[in-house]
Amino acid sequence: MPVIQMVEVFPEQVDELAALAKPIWTDHFTPIIGAEQTAYMIEKFQSAPAMRAQMANEGYHYYFFLYDGQKAGYTGIRRDGDSLFLSKIYVEKSFRRKGIASHGIAFMTDLCRREGLRKIWLTVNKHNDGSIACYRSRGFTVAYPLVTDIGNGFVMDDYVMEKWVAPRTLLYVDTCLRTGSRTRELADAFLNAYRKAHPQDTVDVVRLAEADIHCIRGEELERREALKSEGKIDAPEFAEARRFAAADGIVVAAPMWELSFPAILKAYIETVSVPGITFRYGEGDTGCIGCCKASRLLYLTTRGGIYTGAASGLELGEKEMKALSQFFGIPGFDCLFAEGTDLLPPEEVAGRMEQAKSAAAQMARVW
Ligand SMILES: Cc1cc2nc3c(=O)[nH]c(=O)nc-3n(C[C@H](O)[C@H](O)[C@H](O)COP(=O)(O)O)c2cc1C
């Protein structure tokens, strides 16, 4: 039985690590991003000085993979809040398909459990199909796309992928107000498949039809403003905001009403928008930066008319939720919908609903 080991790289071994990294990167990335960008990225991220600085200043830990004592590849990780960032994992060509990457991921999963870290995340080039497939087969899912400017006219055009190690809390905001709601049917397709695929997770449900949510005005507005200015963010008035900010993932289901969504959802958004909890002032393009923990928000909706053609500019619900998701610091946004529900013949509506429900169930499995 061959022995796979991970041995931490000491600063004095970084030259050896850089010598191992260079041919692996050149071979792996040249076909995907070209020779020029590959050379630039090796210098910026995987040269000996770059890796020494990462280890000294940025909390990086590098490990050699040893396969029966021979150096077969390497991995680099660092702690990121309550997550583990998997920065690099590469196996030299002749050592692939020998279980080395799986050994590395198992080591990291175990490290997360021991240190109370909740997920492992990484970035992978969108066109790096082999690596994406490899991560998927080891329990990672695509959370959202990410484009990063790395200077010299180059960008990294990536997906962020994540693998949850700890149970998650999914917040479900139910804005389905009608008995026999089609939107709820769609939401149920997602939630049933989600519960089945992730039995360890908690689904926390806020039903807006039953919750104490209303338009904020008058004395209540003044009281909230006073609490905010005194920094009393743990006040009971902000309980819904804390719940929204703490969720690991958020699903909002709402029918199209007056081109967007029912007013109660807007009232809920006003309720959870609290500086110091769901966002804070002083940073970003808008002067605000989102503070919510969730990495993904899914918006589920059904629409009486059709808004994917000439009338696309009139649809405001998906656009508003996408903007709010960004405002709250939730980078991954998806929308699934069925439209024409009040317009098309019943059999076509049924077909579109089935299609949307099947897409929702499929998405739930990889959420
Ligand atoms: C108060 C109200 C407002 C609506 N506004 C619109 C609208 O602006 N555009 C549209 O295409 N459909 C509109 N509809 C139709 C709904 O979007 C459609 O019937 C949807 O499928 C209802 O979802 P539900 O079954 O979950 O309630 C409206 C329906 C209601 C009850």
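The following legends describe close-up views of a predicted model.

Local features are given where pLDDT is at least 70 and side-chain atom pairs count only at pLDDT 80 or more, whereas totals for chains, interfaces and linings use all residues. Residues are numbered from 1 along each chain as its sequence is written, and side-chain values use heavy atoms, with hydrogens and water left out.

View 1. Helices (H or I, at least four residues) and strands (E, at least two) are DSSP runs, numbered from the N terminus. Strand β5 spans residues 119-125. Of its 7 residues, 6 are buried, so β5 is largely enclosed by the rest of the structure; buried denotes under 20% relative accessible area, exposed over 50%, and partly exposed the range in between (1.4 Å probe, protein chains only). Strand β4 (residues 83-91) runs parallel to β5 and is joined to it by 3 bridges, and S83 has K119 of β5 as its bridge partner. Between β4 and β5 the chain passes through helix α4 (residues 100-115), forming a right-handed β-α-β crossover; right-handed means that, with the strands pointing away from the viewer, the path from the first strand over the helix to the second runs clockwise. Strand β7 (residues 154-164) pairs with β5 in the antiparallel sense over 7 bridges, where pairing requires at least two DSSP bridges between two strands. N125 has D158 of β7 as its bridge partner.

View 2. N128 lies in the loop between β5 and α5 (129-137). Its relative accessibility is 6%, and N128 therefore counts as buried. Neighbours within four places in sequence aside, N128 is in contact (heavy atoms within 4.5 Å) with H28, F29 and I32.

**View 3. The largest cavity.** A cavity is a set of points, on a 1 Å grid over the protein atoms alone, where a 1.4 Å probe fits but cannot get out; lining residues have an atom within 4 Å of a point. The whole structure contains 2 cavities of 30 Å³ or more, and the largest has a volume of about 50 Å³, taken as the space filled by probe spheres set on the points, which are joined across faces, edges and corners. Among its lining residues are F244, Y268, M321 and F328. Helices α9 (263-272) and α10 (317-327) each supply at least two residues of this lining.

**View 4. The second largest cavity.** This cavity has a volume of about 40 Å³. Its lining consists of E162, R168, L170, D248, G249, S295, R296 and W367.

How values were computed
1 Å grid on protein atoms, 1.4 Å probe; cavity = no way out; pocket = protein on both sides within 12 Å on 5 of 7 lines; lining within 4 Å.
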